[in-house]
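Here are my notes on the model you sent over. Have the structure open while you go through them.

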Amino acid sequence: MADQTAAPVTNAAVTNAAVSNAAAPTSAEPTTLWAERTGTREYTGRSSRGAEVLIGSQGVPGRFTPGELLKIALAACSGLSADFPLSRRLGDNFDATIRVSGDPDRENEVYPQLDEVFELDLSELDDEARERLLVTVTRAIDKVCTVGRTLKSGTKVTLSFEVDA
C-alpha cells in the first residue's frame with residue numbers, strides 16, 4: 001500500500017515543480033521538493049521556494065489527498081498553459097476556473113480517466129472569434145502543459161531508499 005500511495009505524491013510533487021519552473025526564469029535554480037511526515041497518515045509537501053501544502057488521507061480535515069493534488073496540478077497546468085493566449089485576447093483580468101474530476105479505480109489504484117472543464121466567460125466574442133480562441137487555447141494546453149502531457153504519455157517512476165542502519 002505504501003508504494004501505491006507514494007507514487008501519486010511523487011507525481012504531484014514533480015508536477016508542481018514543472019508548473020512552477022514553466023513560469024520561472026530559465027536561470028533560476030531548480031526547485032527542490034519533498035514531503036515530510038507530520039502525523040499519522042499526514043504529510044506536509046514543501047518546496048525550496050517556501051511553499052507548503054498539507055497532505056493526508058481522505059477524511060482528514062484541511063488536507064489534500066495525493067490524488068486530489070494530482071487533479072489540482074492538472075487543472076493548474078492547463079490554466080497556466082492557457083493564460084497567455086487568453087490574456088492576450090481577453091485582457092489581464094479575465095476569470096477562469098478549471099474543474100477536474102475522475103473517480104479512482106480502487107482495485108488497481110489508478111485514475112482511468114480525468115475530465116477537465118475550463119469555465120470561461122466568452123460572451124463578448126462572436127462565434128467565430130470564440131472558436132478561434134478555444135482552438136488556440138487547446139493547442140497551447142496540448143503543447144506546454146507538462147502535467148497533462150505526462151499523464152497522457154505515462155512516465156517511469158523510480159523509488160529508492162536512504163536508510164539509517
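1. Ground rules. This is a predicted model, where local features need pLDDT of at least 70, side-chain atom pairs count only at pLDDT 80 or more, and totals for chains, interfaces and linings use all residues. Numbering starts from 1 along each chain as its sequence is written, and side-chain values use heavy atoms, with hydrogens and water left out.

2. Overall layout. You'll find four helices and five strands in the protein; helices (H or I, at least four residues) and strands (E, at least two) are DSSP runs, numbered from the N terminus. Going along the sequence, the pattern reads α-β-β-β-α-β-β-α-α. The protein has 165 residues, and 26% of them count as buried. For accessibility, buried means under 20% relative accessible area, exposed over 50%, and partly exposed in between, with a 1.4 Å probe and protein chains only. As for contacts (heavy atoms within 4.5 Å), take those with a separation of 6 or more: residues 24 or more positions apart account for 42% of them.

3. The sheet. Three strands form an open sheet in the order E1-E2-E3, with antiparallel pairing. Strand E1 (33-39) and E3 are the edge strands, each pairing on one side only. From one strand to the next the twist averages 25 degrees; axes here are lines fitted to C-alpha atoms, for helices over the stretch in contact, and angles run from 0 to 180 degrees between N-to-C directions. Two strands count as paired if DSSP finds at least two bridges between them. As a reminder, strands of a sheet pair through backbone hydrogen bonds, either parallel or antiparallel.

4. E1 to E2. How many bridges hold E1 and E2 together? Six, in the antiparallel sense. Gly 39 has Glu 42 in E2 as its bridge partner. The hairpin has two residues between the strands, and Arg 41, found in the loop between E1 and E2, has a positive phi of about 55 degrees although it is not a glycine.

5. E2 to E3. Strand E2 (residues 42-47) runs antiparallel to E3, and five bridges join them. Glu 42 turns up again here, standing opposite Gly 56 in E3. Gly 45 has Val 53 in E3 as its bridge partner. This hairpin has four residues between the strands, and Gly 50 takes a positive phi near 95 degrees in it.

6. Val 53. Not counting residues up to four places away in sequence, Val 53 touches Tyr 43, Thr 44, Gly 45, Phe 64 and Leu 69. Phe 64 is 11 residues from Val 53 along the chain, and their C-alpha atoms are separated by 7.8 Å.

7. Thr 65. Look in the loop between strand E3 (52-56) and H2 for Thr 65. Is Thr 65 buried or exposed? Thr 65 is buried, since its relative accessible area is 10%. Leaving aside neighbours within four places in sequence, Thr 65 is in contact with Gly 56, Ser 57 and Gln 58.

8. Two glutamates in loops. Glu 109 sits in the loop between strand E4 (96-101) and E5 and has a positive phi of about 55 degrees although it is not a glycine. With a relative accessible area of 30%, Glu 109 is partly exposed. Glu 124, in the loop between E5 and H3, counts as exposed at 77% relative accessibility.

9. On a 1 Å grid over the protein atoms alone, a pocket is an open set of points where a 1.4 Å probe fits, with protein on both sides within 12 Å along at least five of seven lines, and lining residues have an atom within 4 Å of a point. Of the 16 lining residues, Leu 74, Ser 78, Glu 116, Ile 141 and Lys 152 are the closest to the centre. Helix H2 (66-90), strand E5 (115-120), helix H3 (127-144) and helix H4 (146-153) each supply at least two residues of the lining. By class, the lining has nine nonpolar, three polar and four charged residues; Ala, Val, Leu, Ile, Met, Phe, Trp, Tyr, Cys and Pro count as nonpolar, Asp, Glu, Lys and Arg as charged, and the others, Gly among them, as polar.
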